[in-house]
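Please work through the exercises below with the sequence and the coordinates at hand. Each task is followed by a solution in steps.

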Amino acid sequence: MRIEFSSSPRASLGVEWELELVDLDTRELRSGASEILTEIRPEGAAEHPKAKHELLESTVEVITGVCTTVAEARADLAETVEQVRQAAAKRNLGVMCSGTHPFTDWATQDISPHTRYQRLIESMQWLARRLQIFGVHVHVGVRAPEKAIPIVNALTQYIPHFLALSASSPYWQGKDTGLASARSKVFEGLPTAGLPYQLSGWDQFEAYMETLISTQTIQTIREVWWDIRPHPNFGTVELRICDGLATFDEIVGIAALAQCLVERFDRELDRGYTLPLPKRWVVEENKWRAARYGLDAEIIADDKGTVVPLKQAISDLLEDSRRWPADWTAWPSCPLWTAF
């Protein structure tokens with residue numbers, strides 16, 4: 001099975017933000033997505049280009065176009081969010097974002113009428129029905145398909161960094177779960193979600209997708225919901241690990257970190273370097289630690305079992321970014337040390 005990869009220009013950027021619709025009186029999640037999306041849809045268009053259905057009728061997903069800088073992505077998001085906010089306000093709804101809603105019962109929520117989500121519920125049943133979770137996804141452009149899988153593999157060492165920086169889901173149906181990110185564990189219930197498989201290259205990715213489709217495990221490759229995955233249609237690597245983020249500043253910081261790391265790995269491949277491939281057991285353990293403790297976690301730094309505070313690992317990463325090649329400083333789309 002051949003999967004075409006629409007290669008992107010250097011580190012182009014796209015962001016997806018899943019917004020909760022909240023009743024302003026009860027603070028519960030409440031349906032309203034279909035009405036809002038119908039109202040803000042441009043005249044003559046089948047749908048709004050940057051506001052979409054998600055699984056629940058109490059969710060609207062806002063997406064950017066293809067951006068170059070994080071500032072551009074922020075402005076793009078803000079314009080669409082304001083349209084959604086105004087339409088929601090007419091219905092006594094507010095918009096917010098967190099990894100989970102702290103107390104709404106998922107069983108009370110209406111499912112989107114979109115065929116894709118109806119099919120998901122039919123296939124996954126309870127596992128999908130309880131997905132009252134919300135996240136932020138960041139797409140970063142990659143210039144060639146042979147780079148996508150090595151970059152995905154290398155990025156897995158930073159899963160705890162992204163998860164801890166975004167962790168915003170300690171509560172589930174009014175109960176304190178004891179986790180910093182309950183969302184990440186709920187989502188792992190789907191059979192094709194969670195950590196990506198460590199594949200050797202694009203040909204192995206194609207073979208794996210062919211197996212999943214031919215065995216009717218999935219219908220399209222969009223149904224592989226890894227924490228980090230290649231997105232062939234967009235020509236990107238997509239980071240899906242983050243809990244929902246509440247503010248534009250937080251989204252800008254996460255997007256800048258993702259964009260800089262992908263660009264760094266892309267350039268290292270151009271220089272002939274082999275990207276790091278962390279051990280699977282280390283990646284699994286570190287993801288769990290970030291989900292459990294958030295920024296208070298201590299993570300495994302190497303195959304020998306060296307443990308470091310995650311806050312220190314993030315600080316070291318940001319400091320290290322200042323020493324990346326000097327020609328990066330002339331590239332305005334990667335302001336990592338100013339975004340934070």
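This is a predicted model: local features need pLDDT of at least 70, side-chain atom pairs count only at pLDDT 80 or more; totals for chains, interfaces and linings use all residues.

**Exercise 1. Overall form**

Determine how many helices and strands the protein chain contains, and decide whether its radius of gyration agrees with that of a compact globule.

Solution. 
1. The secondary structure of the protein chain consists of 12 helices and 13 strands.
2. Along the principal axes, the C-alpha atoms fill a box of roughly 55 × 45 × 45 Å.
3. For 340 residues, a compact globule would have a radius of gyration near 20 Å; the protein chain has 19 Å, so the two agree.
4. As to burial, 54% of the 340 residues are buried.

**Exercise 2. The largest pocket**

Find the volume of the largest pocket, and state which residues lie closest to its centre.

Solution. 
1. The space in the largest pocket amounts to about 1,200 Å³.
2. Its lining comprises 50 residues, and those closest to the centre are Glu 16, Glu 54, Glu 61, Arg 116 and Arg 222.
3. Sorted by class, the lining holds 19 nonpolar, 17 polar and 14 charged residues.
4. Strand E1 (residues 13-23) supplies the largest share of this lining, with five residues.

**Exercise 3. The second largest pocket**

Describe the second largest pocket: how many residues line it, and which element contributes the largest share?

Solution. 
1. This pocket holds about 350 Å³ of space.
2. There are 20 lining residues, and Gln 157, His 161, Ile 299, Ile 300 and Ala 301 lie nearest the centre.
3. Two or more lining residues come from each of helix H6 (159-166), helix H10 (280-293), strand E12 (298-300) and helix H11 (310-321).
4. The largest share, four residues, belongs to H11.
5. The class count for the lining is 11 nonpolar, four polar and five charged residues.

**Exercise 4. A residue of helix H11**

Solution. 
1. Ser 321 is located in helix H11.

**Exercise 5. The largest cavity**

State how many cavities of 30 Å³ or more are counted, and describe the lining of the largest cavity by residue and class.

Solution. 
1. The count is two cavities of 30 Å³ or more.
2. About 40 Å³ of space lies in the largest cavity.
3. Val 15, Val 70, Ala 73, Arg 74, Leu 77, Ile 251, Val 252 and Ala 255 line this cavity.
4. The elements that each give two or more of these residues are helix H2 (70-89) and helix H9 (248-270), and H2 gives the largest share, four residues.
5. By class, the lining has seven nonpolar residues, no polar residue and one charged residue.

**Exercise 6. Strand E11 and its partners**

Explain why strand E11 can be called largely enclosed, and work out how strands E5 and E10 are joined to E11.

Solution. 
1. Strand E11 covers residues 236-243, and eight of the eight are buried, so the strand is largely enclosed by the rest of the structure.
2. Strand E5 (residues 135-141) is antiparallel to E11 and is joined to it by six bridges. Within this pairing, His 139 has Glu 238 of E11 as its bridge partner.
3. Strand E10 (residues 228-231) is also antiparallel to E11, with four bridges between the two. Here Pro 230 is the bridge partner of Val 237 in E11.
4. E10 and E11 form a hairpin with four residues between them, and Gly 235 in the turn has a positive phi of about 70°.

Definitions and conventions
Residues are numbered from 1 along each chain as its sequence is written. Side-chain values use heavy atoms; hydrogens and water are left out. On a 1 Å grid over the protein atoms alone, a cavity is a set of points where a 1.4 Å probe fits but cannot get out, and a pocket is an open set with protein on both sides within 12 Å along at least five of seven lines; lining residues have an atom within 4 Å of a point. Grid points are joined across faces, edges and corners, and a volume is the space filled by probe spheres set on the points. Ala, Val, Leu, Ile, Met, Phe, Trp, Tyr, Cys and Pro count as nonpolar, Asp, Glu, Lys and Arg as charged, and the others, Gly among them, as polar. Buried means under 20% relative accessible area, exposed over 50%, partly exposed in between (1.4 Å probe, protein chains only). Two strands pair if DSSP finds at least two bridges between them. The radius of gyration is taken over C-alpha atoms; the globule rule is 2.2 Å times the number of residues to the power 0.38.
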